[in-house]
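Here are a few exercises to work through with the model on your screen. Try each one yourself before you read its solution.

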Amino acid sequence: MTDRRLRVVLAEDSVVLRDGMVELLGARGCEVVATAGTAPELLAAVAGHRPDVAVVDIRMPPTHRDEGIRAAVEIRARTPEVGILVFSQHVETAWAARLLADGATGVGYLLKERVARTSEFVDALHRVADGGVALDPEVVTLMMRGGRRTGVDTLTSREREVLELMAQGHSNRSVAALLGVSDRAVEKHVAAVFGKFGLRAAPSDNRRVKAVLAYLAESGGRDGGRGGG
C-alpha cells in the first residue's frame with residue numbers, strides 16, 4: 001500500500017458507522033474531507049471537494065433502495081477522475097454493470113461483511129484512486145451468472161479463472177500464486193483472453209480493464225440485480 005494521503009468523501013447514512021470509519025481512515029493516513037448521509041449531500045460533497053475517491057453505500061435515504069449507487073453513476077458521468085468504491089452489504093449487479101459501463105478504471109465494489117481487516121479496505125481505496133479495480137469475489141461471481149456472453153463462452157475454464165481473479169484486482173504474479181502455476185502460464189492465459197476478446201495491444205490501452213469490463217458488464221446487466229432486505 002502506498003503512503004500517499006488520500007482525500008476521501010464518505011457516504012454512509014448510519015452515523016455510528018460513518019463516525020467509526022472516519023476515525024479508522026484517519027488513523028490509516030486518509031483524509032476524510034467530507035461525509036454525507038444522503039445522495040444529494042454526496043453529490044454536493046464530491047462537486048465541492050473533488051476527492052481522490054468517494055466511498056458510497058448503495059441504499060440511502062429516503063427510500064433506502066438505490067439512491068447511493070445512482071449517485072455513484074452520476075459522479076462517474078460528471079467527474080470521471082474521482083474513484084468510486086461502493087461499500088455495501090447488498091449486491092446489485094444491474095447497477096454495478098451500469099457503474100462499469102463507461103470503463104472499469106477507478107471502480108471498486110466491496111461487501112461490508114466480507115472485509116476482515118481495515119488494511120484491506122484502505123488498500124482497495126488506494127487501488128481505486130490510482131485507477132485500478134477492486135471487486136469482491138462474490139460480486140464478480142454474481143455478475144458472471146446467466147445471460148449470453150459474447151466472447152466469454154469461448155474461454156477455457158482456466159482462462160475464466162484467470163479473468164475472474166483479474167476482475168478482483170489481482171496482478172499476474174498474484175494470480176499465479178493463487179492458482180499454483182507459473183507467471184509465464186498466467187501470461188499465456190491472459191494473452192489468450194485478450195485475443196478472444198479482440199483486444200489488440202496499444203500504448204494507451206489498459207487491456208486488463210477492458211477485458212474485465214467485457215466480462216462483467218455484459219453478463220451483469222442481464223441478471224437484473226440481487227439485493228438483501
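**Exercise 1.** Find which residues touch the most other members of the largest nonpolar core.

*Solution.* Start with the term: a nonpolar core is a set of buried Ala, Val, Leu, Ile, Met, Phe, Trp, Tyr and Cys residues joined through side-chain atoms within 4.5 Å. Buried means under 20% relative accessible area, exposed over 50%, and partly exposed in between (1.4 Å probe, protein chains only). The largest core has 52 residues, and Leu42, Tyr109, Leu163, Met166, Phe197 and Ala211 touch the most other members. Next, zoom in on Ala211: skipping residues up to four places away in sequence, you'll find Leu163, Met166, Val193, Phe194, Phe197 and Leu199 touching Ala211 (contact means heavy atoms within 4.5 Å). Another core, of 17 residues, lies apart from this one and has Val55, Phe87, Leu110 and Val122 among its members.

A word on the ground rules: this is a predicted model, where local features need pLDDT of at least 70 and side-chain atom pairs count only at pLDDT 80 or more, while totals for chains, interfaces and linings use all residues. Residues are numbered from 1 along each chain as its sequence is written, and side-chain values use heavy atoms, with hydrogens and water left out.

**Exercise 2.** Describe the aromatic pair formed by Phe87 and Phe121.

*Solution.* Rings of Phe, Tyr and Trp (its six-membered ring) pair if their centres lie within 6.5 Å; planes under 30 degrees apart count as stacked, over 60 as edge-to-face and the rest as tilted. Searching the whole structure turns up one aromatic pair. Phe87 and Phe121 sit 4.7 Å apart, centre to centre, with 45° between the planes, and the pair is tilted. Now place them: Phe87 is in strand 4 (residues 83–88) and Phe121 in helix 5 (residues 118–129), so the pair ties together parts that are 34 residues apart in sequence. (Helices, H or I with at least four residues, and strands, E with at least two, are DSSP runs numbered from the N terminus.) Both Phe87 and Phe121 are buried.

**Exercise 3.** Is Val139 buried or exposed, and which residues is Val139 in contact with beyond its neighbours within four places in sequence?

*Solution.* First, locate Val139 in helix 6 (residues 137–144). Its relative accessibility is 1%, so Val139 counts as buried. Then list the contacts of Val139, leaving out neighbours within four places: Val91, Tyr109 and Leu111. Last, check the spacing: Val139 and Val91 are 48 residues apart in sequence, and 6.4 Å apart in space, C-alpha to C-alpha.
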